[in-house]
Amino acid sequence: GGGGSSVAELPDEAIDSILERGAQAVSEMEQSLRSKSQLSLLNFSLNIEDSNLYHFEGVDYSQAPTREVYLSGIDLSVTEQDIREALGGFGEIRSVVISPERDLALVVFKKLEAAIQAHERRELSVGRCVGVRLMYGRKNNAIITEDMVCTALAPLERRHARGPPLQ
């Protein structure tokens, strides 16, 4: 034997144990990084006080008047007739779409002034529902889905369909 360094031989069980602990540590680090990155995204901020996508140059566009008014807090008992009776006094209503799976309805008034008057009430009774809240609709608002519009239009399409209904 010369003056070279000696490398200790480790049994296979010790090597397996080291590899297993390393794999466990990597797994724990990955989990920690994953949860930290999710929190980071959830708490993302540009550090601008009171920043909001709907506030621009001192104007709050989140509640900018539109002819579309959402009713929130209705239940399945509310009918289109109930909504027309509750809101018709503010002005002519062009259309009413009631969400089948949510507690929402969309009311489109013919004139903006009618929607503004209705919205000023903030809350009213519709059918048996008390405290129904009113909010303006916004462009590109996805509260009313394409399926809901198709459901609402189906009776009209059937009325105008030619020939026997498809089976």
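Buried residues, meaning those under 20% relative accessible area (1.4 Å probe, protein chains only), make up 20% of the 167 residues in the protein chain. The model is predicted: local features need pLDDT of at least 70 and side-chain atom pairs count only at pLDDT 80 or more, while totals for chains, interfaces and linings use all residues. Residues are numbered from 1 along each chain as its sequence is written, and side-chain values use heavy atoms, with hydrogens and water left out.

**Overall architecture**

- The protein chain holds four helices and seven strands; these are DSSP runs numbered from the N terminus, with helices (H or I) of at least four residues and strands (E) of at least two.
- Along the sequence, their pattern is α-β-β-β-α-β-β-α-β-β-α.

**Sheet and packed helices**

- An open sheet of five strands has the order 4-5-3-7-6 with antiparallel pairing, where two strands pair if DSSP finds at least two bridges between them.
- Strand 4 (93-98) and strand 6 (123-126) are the edge strands, each pairing on one side only.
- Five bridges join strand 4 to strand 5 (residues 104-109) in the antiparallel sense, and Ile98 stands opposite Ala105 in strand 5.
- Helix 2 (residues 80-87) lies across strand 3 (68-72), strand 4, strand 5, strand 6 and strand 7 (129-136), at about 135° to strand 4; angles run from 0 to 180 degrees between N-to-C directions, and axes are lines fitted to C-alpha atoms, for helices over the stretch in contact.
- Helix 3 (residues 112-120) also packs on the sheet, touching strand 3, strand 5 and strand 7, where contact means heavy atoms within 4.5 Å.

**Salt bridges**

- There are two salt bridges, each defined as a side-chain nitrogen of Lys or Arg within 4 Å of a carboxyl oxygen of Asp or Glu.
- Arg84 pairs with Glu80, the closest N and O atoms being 2.9 Å apart; the two residues are four apart in helix 2 and therefore separated by about one helical turn.
- Arg84 is partly exposed at 28% relative accessible area, as is Glu80 at 36%; partly exposed lies between the buried cut-off and the exposed one, which is over 50%.
- Lys110 and Glu92 form a salt bridge at 3.9 Å, N to O.
- Lys110 lies in the loop between strand 5 and helix 3 and Glu92 in the loop between helix 2 and strand 4, so this pair ties together parts 18 residues apart in sequence.
- Lys110 is partly exposed at 39% relative accessibility, whereas Glu92 is exposed at 52%.
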